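Try each task with the model open beside you, then read on through the worked solution.

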Amino acid sequence: MAAPRDYTRLFDLTGRKAIVTGGSRGIGRALSEALAAQGADIAIVVRSSTELAEELAAELNAKGGDSFVIQADVSVEADVERMAQEVAARWGRVDILVNNAGIIIPGNAEDYSLANWRETMSVNLDGLFLVSREIGKMMIAQKSGSIINIGSMSGRIVNWPFRQAAYNVSKAGVHMMTKAFATEWAEHNIRVNALAPGYIMTELTQEVLREHPEVATNHWAKDAVMNRLGTVDELAGSVVYLASDAASFTTGEVITVDGGLTLR
């Protein structure tokens with residue numbers, strides 16, 4: 001008779017080591033908190049100010065964790081190499097990588113500067129490649145790991161009337177990079193998946209809504225079949241799933257969490 005399965009620890013991440021880029025605010029903060037709530041220790045990577053990240057690390061450590069902050073620009077190769085070295089020196093391994101850092105610079109395609117195009121690609125694509133490459137080396141050496149890339153529904157559709165071609169293209173690239181890395185690294189027991197959020201209420205979207213409150217009702221909420229915006233908490237479960245043993249047979253997938261916006 002087969003031993004009974006223990007599903008109570010299916011999402012348990014106790015003792016696992018995670019990196020979350022852009023992990024101090026908005027979606028990144030929620031994902032850091034969710035992984036830590038399941039027992040993971042978090043390396044919170046931020047590009048500029050570390051104040052919010054340090055506060056978050058202190059909160060997580062007060063609950064018994066071993067989280068810390070690394071200041072690094074994911075689009076700068078030397079910064080990423082140093083980040084990987086700091087993690088290796090502290091933990092000696094990485095079990096979970098969440099590539100969350102990203103930017104959006106809207107603008108009409110006919111007027112869009114090459115500088116803005118390159119900056120978008122540098123952070124959203126080059127940054128994801130560099131971090132995945134360096135942490136991927138560690139995961140290959142340990143023969144295990146889960147990488148979760150934060151893409152977007154904008155990698156699947158042109159969410160009109162917003163003019164953001166560079167962002168859309170970069171997120172489509174994130175989705176394809178996810179599939180390519182998943183294929184290459186499966187032989188090393190590394191899973192690579194992506195999460196594609198829809199319109200989520202964050203500090204950034206709140207700033208937009210203060211200036212243009214009609215955007216939420218006329219576009220963001222109206223376009224989704226659930227007729228509302230999402231919250232950062234509603235992304236947390238998908239990331240915990242992808243990071244955990246519950247997703248041990250899931251790789252190369254792009255999970256869309258958008259309230260049904262891309263259904264029509």
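Predicted model: local features only at pLDDT ≥ 70, side-chain atom pairs only at ≥ 80, totals over all residues.

**Exercise 1. Work out how H1 and H2 are oriented to each other.**

Step 1: Find the two elements and their geometry. Helix H2 covers residues 51–61, and H1 packs with H2 at an angle of about 15°, their axes being 11 Å apart.

Step 2: Apply the cut-off. Angles under 35 degrees count as roughly parallel, and therefore H1 and H2 are roughly parallel to each other.

Step 3: H1 passes H2 in a right-handed crossing.

Step 4: List the partners. From H1 come Arg 29, Ser 32, Glu 33 and Ala 36, and they meet Leu 52, Leu 56, Glu 59 and Leu 60 of H2. Sorted by class, the contact of H1 with H2 has 4 nonpolar residues, 1 polar and 3 charged.

**Exercise 2. Now describe how H1 and H8 cross, and which residues make the contact.**

Step 1: Start with the axes. Those of helix H1 (residues 26–37) and helix H8 (residues 233–243) come within 9 Å and cross at roughly 50°.

Step 2: Name the orientation. H1 and H8 are therefore oblique to each other.

Step 3: Read off the contact. H1 brings Ile 27, Leu 31, Ala 34 and Leu 35, while H8 brings Leu 235, Ala 236, Val 239, Val 240 and Ala 243. The contact of H1 with H8 has 9 nonpolar residues, with no polar and no charged ones.

**Exercise 3. Decide how H3 lies against H4, and sort the residues of their contact by class.**

Step 1: Helix H3 (residues 77–90) packs with H4 at an angle of about 30°, and their axes are 9 Å apart. That makes H3 roughly parallel to H4.

Step 2: The crossing of H3 and H4 is right-handed.

Step 3: On the H3 side, the contact is made by Glu 77, Val 80, Glu 81, Met 83, Ala 84, Val 87 and Ala 88; on the H4 side, by Leu 130, Val 131, Arg 133, Glu 134, Ile 135 and Met 138.

Step 4: By class, the contact of H3 with H4 has 9 nonpolar, no polar and 4 charged residues.

**Exercise 4. Find what lines the largest cavity, and which helix gives the most to the lining.**

Step 1: Begin with the count, which is 1 cavity of 30 Å³ or more. The largest cavity has a volume of about 70 Å³.

Step 2: Collect the lining. Thr 21, Val 74, Asn 99, Ala 101, Val 123, Asn 124, Gly 127, Leu 128, Val 131, Ile 150, Lys 171 and Val 174 line the largest cavity.

Step 3: Assign the lining to helices. Helix H4 (114–142) and helix H5 (165–185) each supply at least two residues, and H4 gives the most, with 5 residues.

Step 4: Sort by class. The lining of the largest cavity divides into 7 nonpolar, 4 polar and 1 charged residues.

**Exercise 5. Characterise the second largest pocket by its volume and its lining.**

Step 1: The second largest pocket holds about 240 Å³ of space.

Step 2: Its lining is made of Arg 16, Asp 95, Ser 144, Gly 145, Ser 146, Asn 189, Arg 191, Ala 243, Ser 244, Asp 245 and Ser 248.

Step 3: These lining residues divide into 1 nonpolar, 6 polar and 4 charged.

Notes
Residues numbered from 1 in each chain as written. Heavy atoms only, no water. Axes fitted to C-alpha atoms, helices over the stretch in contact; angles between N-to-C directions. Helix = DSSP H or I, 4+ residues; strand = E, 2+ residues; numbered from the N terminus. Parallel < 35°, antiparallel > 145°, perpendicular 65-115°, else oblique. Contact = heavy atoms within 4.5 Å. Nonpolar A, V, L, I, M, F, W, Y, C, P; charged D, E, K, R; others polar. 1 Å grid on protein atoms, 1.4 Å probe; cavity = no way out; pocket = protein on both sides within 12 Å on 5 of 7 lines; lining within 4 Å. Points joined across faces, edges and corners; volume = space filled by probe spheres on them. Left-handed = near helix turned anticlockwise from the far one by under 90°.
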